[in-house]
Amino acid sequence: MASMVTTYNTRLRQQLHDDPTTSIVVTLLAVGALFYPLIDRALGWNTVGTMFPIVAFILLALGLNIVVGFAGLLDLGYAAFFAIGAYTVAILTSPSSPVVDKLPFTLNFWGALVLAFFVTALFGVILGAPTLRLRGDYLAIVTLGFGEIVPAVFRNADQITRGEQGLNAIAKPTIFGMKFGNDIVRWYYLLIATGFLIIFVARRMRDSRLGRAWMAMREDEIAASAMGINLVMTKLSAFAMGASFSGLVGVMYASRFSYAAPSSFEFSTSVLLLAMVILGGLGNIWGVILGGLLLGTFDRILSIRITGWINSLGETIGVGFLETVNLSRLRFGIFGLTLVLMMLWRPEGILPNERRRAELRADTTDGETAADDTLYGERGAPV
Amino acid sequence: MSDQTANFPAGAPDAMNGAATMLEVEDVHTYYGQIEALKGISLSVREGEIVTLIGGNGAGKTTTLRTISGLMHPRRGSIKLQGRPIEALAAHDVVAQGISHSPEGRRIFPRMTVRENLELGAFRRKDRAEIEADMDRVFELFPRLKERVTQKAGTMSGGEQQMLAMGRALMAKPTVLLLDEPSMGLAPILVEQIFNIVQEINAQGTTILLVEQNALMALSVAHRGYVIETGNIVLHDDAKALQQNELVRKAYLGEE
């Protein structure tokens with residue numbers, strides 16, 4: 001066991017040493033994440049509470065990265081799994097849920113977390129199964145539809161979910177008698193710990209047999225199946241893995257705010273997550289974290305602060321437009337612009353996955369290799 | 001000439017008479033939607049043979065291989081590997097049964113290295129030590145691949161990519177190797193080299209079904225040959241006899 005860990009660590013170190021940029025980013029991210037509450041208190045920022053949703057969205061982006069970055073399946077409805085995770089814990093533990101009284105047992109947070117993991121994985125398979133033959137744009141359209149249907153179901157099934165009102169007073173975790181309650185630092189560290197777990201699992205999966213199969217499938221489905229790769233299982237496992245990560249985060253999110261309502265899981269959430277993945281670097285875990293951190297921080301903290309600065313600047317120099325501009329309202333315009341500029345200048349993302357960069361930059365396929373897709377329909381455009 | 005069922009006697013004159021039947025395709029009909037691409041193909045490959053399937057564009061050569069390897073499924077007919085029916089199996093299960101397909105147009109994984117491509121060829125295998133040994137064997141057959149082991153496959157020349165496609169198929173340790181147009185788009189000198197290697201692979205004990213447009217080369221390395229036209233087998237004979245056959249000489253060897 002010890003030797004296994006050692007070889008893994010050595011390999012990890014080698015990989016990190018291969019790329020100094022990544023190595024610096026990873027160190028900064030890890031140290032920053034661990035000491036953030038201390039730094040925050042020392043500098044009097046008072047932002048640990050705001051960091052919770054940002055970190056949660058980064059973890060969601062990591063899950064989405066498995067589906068889109070590793071397996072190459074464009075999913076535009078990823079927030080649906082986030083919603084399913086959140087509603088699983090809400091329906092099972094909220095006193096306002098009609099289901100709770102009828103349960104023969106009472107579930108605590110951890111029980112609901114484990115259950116939600118499997119429930120979301122199952123829904124990943126349910127979305128994956130009918131889309132097995134679809135690729136690229138067509139797959140994106142179906143996942144988009146799924147992302148719309150799920151919140152609509154929660155909104156309309158008011159017998160169970162109380163519709164637009166949402167469910168509240170959701171169970172909160174306790175570790176060794178330590179109650180989480182509304183302690184923002186404890187919640188922060190719970191998410192960071194989950195993050196380390198998700199990163200570890202995602203890396204191991206990427207380097208596993210399954211990870212190889214995802215990669216081969218992304219490059220050429222027909223060749224992959226001719227190699228003996230079971231496309232059905234490979235695709236479904238990508239959907240299930242991605243969905244279950246999202247489910248875990250959904251449970252924590254709902255529990256932290258003690259609230260689950262359909263409006264938190266709209267299409268815009270899926271788009272924001274996808275933007276994080278693409279901005280940071282599709283397929284590269286560290287890139288995705290960086291992209292999530294940039295967009296998340298802008299969305300939740302910087303847009304408000306910068307708006308304040310611009311407004312006071314406008315007052316000082318007497319420009320009416322600057323006095324009233326509100327960046328938070330323009331957020332989706334800014335995200336869209338960011339994506340367009342990224343596609344023009346650096347389509348592979350800030351910290352690219354080396355293989356993805358090759359796909360986007362170099363035109364290595366010859367006509368013959370790309371031909372003969374009649375059986376499986378058109379190839380999707382590169383994401 | 002247009003015998004629909006084309007059931008030829010199994011004991012046709014050939015050098016490998018008496019060897020056990022490895023692959024048996026019987027009355028296979030395969031469709032692309034409404035279009036019947038294979039109209040009742042029957043052929044057999046015996047253990048240790050190189051059998052070639054020759055014919056013009058659109059005759060159904062590639063469809064035949066894709067049907068055998070499970071990438072497509074026949075609407076009617078049976079395919080047996082060593083007596084076991086495989087026509088209903090998915091492509092990845094056919095690989096596990098011992099048939100490996102080097103597809104048309106090579107279809108290597110262009111952004112993976114040569115080594116990664118070869119490793120994927122052995123995806124269904126768990127015997128690590130033997131996989132390494134087989135990789136060495138592939139490098140002996142194709143020394144060029146060894147030189148380029150860390151190179152991205154998509155950056156190699158067409159001939160090297162073809163070598164990689166064949167090597168990758170061999171990594172599955174197949175009992176039957178299906179080769180689809182290994183000579184396509186290659187310089188004449190490379191074509192000769194590739195066919196020499198096909199013979200060498202066969203000499204090491206792999207049974208081969210070879211699809212080719214280059215009928216001359218294919219017949220010169222094969223033991224037996226089938227001629228396919230618009231979804232039907234129209235001729236079947238010893239490779240040497242086919243080389244002398246009037247129709248083959250006219251249609252495929254470019255003689256008047």
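Reader: Which residue takes a positive phi in the hairpin of strand 1 and strand 2 of chain B?

Author: This is a predicted model, in which local features need pLDDT of at least 70, side-chain atom pairs count only at pLDDT 80 or more, and totals for chains, interfaces and linings use all residues. Residues are numbered from 1 along each chain as its sequence is written, while chains are lettered from A and ligands numbered from 1 in the order in which they are written. Strands (DSSP runs of E, at least two residues) and helices (runs of H or I, at least four) are numbered from the N terminus. The hairpin has two residues between its strands, and the positive phi, near 60°, belongs to Gly33(B).

Reader: Over how many bridges do strand 1 and strand 2 of chain B pair?

Author: Strands pair if DSSP finds at least two bridges between them. Glu24(B) has Ser44(B) in strand 2 as its bridge partner, and Tyr32(B) has Ile35(B). Residues 21-32 and residues 35-46 pair in the antiparallel sense, and the number of bridges is nine.

Reader: Which strands stand at the edges of the open sheet of four strands in chain B?

Author: The order is 2-1-4-5, with antiparallel pairing. Each edge strand has a single partner, so one side is left without a neighbour in the sheet; the edges are strand 2 and strand 5 (84-85) of chain B.

Reader: What are the edge strands of the open sheet of six strands?

Author: This sheet of chain B has mixed pairing and the order 6-7-8-3-9-10. Its twist averages 15° from one strand to the next, with axes fitted to C-alpha atoms (for helices, over the stretch in contact) and angles running from 0 to 180 degrees between N-to-C directions. The strands that pair on one side only are strand 6 (99-102) and strand 10 (232-238) of chain B.

Reader: What angle does helix 1 of chain B make with strand 7 of chain B?

Author: Strand 7 (residues 176-180) pairs with strand 8 (residues 207-212) of chain B in the parallel sense over five bridges. Helix 1 (residues 61-68) packs on this sheet, touching strands 3, 6, 7, 8 and 9 of chain B; contact requires C-beta atoms, placed from the backbone, within 7 Å. The angle with strand 7 is about 150°.

Reader: Are helix 9 and helix 12 of chain A roughly parallel or roughly antiparallel?

Author: Helix 9 (residues 184-206) and helix 12 (residues 231-257) of chain A have axes 12 Å apart and pack at about 180°. Angles under 35 degrees count as roughly parallel, over 145 as roughly antiparallel, 65 to 115 as roughly perpendicular and the rest as oblique. The two helices are therefore roughly antiparallel.

Reader: How many nonpolar residues are in that contact of helix 9 with helix 12 of chain A?

Author: Among the residues that meet are Trp187(A) and Leu191(A) in helix 9 and Phe245(A) and Arg256(A) in helix 12. Ala, Val, Leu, Ile, Met, Phe, Trp, Tyr, Cys and Pro count as nonpolar, Asp, Glu, Lys and Arg as charged, and the others, Gly among them, as polar. One residue of this contact is polar, one is charged, and the nonpolar ones number nine.

Reader: Which helix supplies the largest share of the side of chain A that touches chain B?

Author: The interface puts 21 residues of chain A in contact with 24 of chain B. Helices 10, 11, 17 and 18 of chain A each supply at least two residues of the chain A side, which divides into eight nonpolar, six polar and seven charged. The largest share, four residues, comes from helix 11 of chain A.

Key:
Two residues are in contact if their C-beta atoms, placed from the backbone, lie within 7 Å.
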